[in-house]
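Open the model in your viewer and keep the selection tool at hand. This tour goes one stop at a time.

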Amino acid sequence: MIALLRRDIKLAIRAGGGFGLGLAFFLILVVLVPFGVGPNSDILARIAPGILWVGALLSCLLSLDRIFQLDYEDGTLDLLATAPLPLEAAASLKALSHWLTTGLPLTVAAPFLGVLLSMPSEATLWLVISLALGTPALSMLGTFGAALTVGLKRGGLLVSLLVLPLYMPTLIFGAEAVRRGAEGLPTSSALLFLAAITAGCTALLPFASAAALRMNLR
Amino acid sequence: MSLWEYANPTRFMQTSGKVLPVVSVLSLACLLIGLVWGFFFTPDDYRQGSTVKIIYLHVPSALMAINAWLMMLVTSLIWLVRRHHVSALAAKAAAPIGITMTLIALITGAIWGQPMWGTYWAWDPRLTSFLILFLFYLGYMALWAAIENPDTAADLTSVLCLVGSVFALLSRYAVNFWNQGLHQGASLSLDKEENVADVFYLPLLVCIAGFVLLFVALVLLRTSTEIRSRRTNALISRERLS
Amino acid sequence: MKFGVENLSCRRGDVTVLTGVSFDVAAGEALILRAPNGAGKTTLLRCLAGLTPPVSGRVKFSTDDVAYAAHADGLKSQLSVEENLQFWADIFGTRDIMPAVVAFELADLLTRRAQDLSAGQKRRLSLSRLMLTGRMIWALDEPTVSLDAENVARFSAAVIGHLAQGGSAIMATHIDLGLPSARTLDISPFRAILQDTPSDDPFLDEALQ
């Protein structure tokens, strides 16, 4: 099982694997915002939690179609489906490696980008906590979306359409936690909801993803 | 005689052929009576004036927007468990109707909101949830359209419908958490003392009946169209093979 | 390991391609599938590998004993030959990749990336994967594509070795591998379209009525 995780991470990091693309996209997005709304640091500080969460969400989206598509095209997915490893486990591991190569770097980079948006320092801690709790759910949901569209030629756009509505609760609770943290209000309820979504996704979505993969391979 | 016999496409076609005209006429009659009654023979509200009359379109369409998704959820489950083709096709047929109902609810709401709240759109939880529901319909229909093999499409959209239902519900609560709203409570509910006043209530019920029947008629019509198109495609692919 | 099917029907997409397929293969025996293109060889092999569930009929073995090799090589071009092999060895719980390396003479290529291999070398790498699975039934789809005569002989030797250990094989191939215990099965008579059996597509049956 570790072998699949190790291989996916290796593939993501090697040339052409697309590691860092999501991070670069995140950076560019955050840099673009002040050009759009003006350099007023009051406004930027107010919208920073939302921008950073939406940015993280879109950066996650960028690499979703790679989760299964390449394995499907070169025949590896067929072979994996006949291997002793259950597809449910393969789907979980794929989601985990997606999180390790996108969600985790985004979480680490977010506080630095928060500085660019003059986010208040009280909010930074909550931003990191909420991203760390929420991005695994984004990877699980993204893996599900990728499994649904694996057989399709141009699945990339469709994946966004399928996955973005599913991302909404995570986004709402995540950004809300940071916003409340910035204002010094209690954040625990939003964070608990976020943790509950991640826990639920991790427990149940691999089954849905594996079912979708089997339907697509048939 | 079990309900499942209607899962046979031929059987379904025979029955729906007989039922469809009846349902269509009933639905038209209900809508005509309900709307004329509601628009011309009810008094204006003392606060809202004549704008209140938009509830005869708004409430039934909002109700059907949610019920259409519920129907898709049930038929998707039936397809996944019992693999009745008609069930999957009925889910496919209901989606465009559901999204239209959602759109009607959103637009009529906006038209009413302008004079009442002074704005066409507010990020009120109810409005926002309907917008999210609209996006879920959009994704569901896009997935149907993208997959060529009809059985695979039915499988995958059913799984999406299941997962989507959970997340649509979750979004509803998330949105409540996120913003307190302007929208009044439910217009109708069974366990509440105070509903809308009786003068508005009766024509509203007739309108709701009309919308339900309209929905049933459209689903029957669209499902039989889907069955015909599946038959045609089966013939074509057989031709291509031999 | 002996295996077989009884009255098997399999489908590709939503079309039933083959019906009434029955055969038995003894341990140490290989079954060569022959049929024109599009007759359903790949469909049958995918069905045996457990990728597509059969429409009807009986499969007299567990799909967990089947090692499947498809048209596609299933290699990761950014990984080296050794990394590719080691990955599958880990997945199948095999410790040693050397028997596979020796059988297909991959020792000189071990550090090379899969993207730098020729088509024939990729094929060899892909076939050597079979030896890492430790599974007794090999289901192979056109295994010798892009192999030269020398490497076809190497592959034959690997199959013979597998059969000698009590394994069995079923493969779709057009060339004679010189296997001592091979039987040939022509599957064209099983094509669903040629038979007057009802299809499993309710829409087709109704449209025909």
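What percentage of the 209 residues of chain C count as buried? The share is 45%. Keep in mind that this is a predicted model.

**Stop 1: chain C, by secondary structure.** Walk along the sequence and the order reads β-β-β-α-β-β-α-α-α-β-α-β-β-α. The radius of gyration of chain C is 18 Å, close to the 17 Å from the globule rule for 209 residues, so chain C is as compact as a globular protein of that length.

**Stop 2: chain C, as a C-alpha trace.** Hide everything but the C-alpha atoms of chain C. Along the principal axes, they fill a box of roughly 65 × 35 × 30 Å. Now draw the contacts of chain C with a separation of 6 or more. Of these, 74% join residues 24 or more positions apart.

**Stop 3: where chain B meets chain A.** Show chains A and B together. Here 22 residues of chain B are in contact with 19 residues of chain A. Which elements of chain B give two or more residues to the side that touches chain A? They are α4 (125-146) and α5 (150-178) of chain B. Select α5(B) next: it supplies 13 residues, the largest share of that side.

Conventions:
Residues numbered from 1 in each chain as written. Chains lettered and ligands numbered in written order. Predicted model: local features only at pLDDT ≥ 70, side-chain atom pairs only at ≥ 80, totals over all residues. Helix = DSSP H or I, 4+ residues; strand = E, 2+ residues; numbered from the N terminus. Rg over C-alpha atoms; globule rule 2.2 N^0.38 Å. Buried ≥ 20, exposed ≤ 12 C-beta atoms within 10 Å, placed from the backbone. Contact = placed C-beta atoms within 7 Å.
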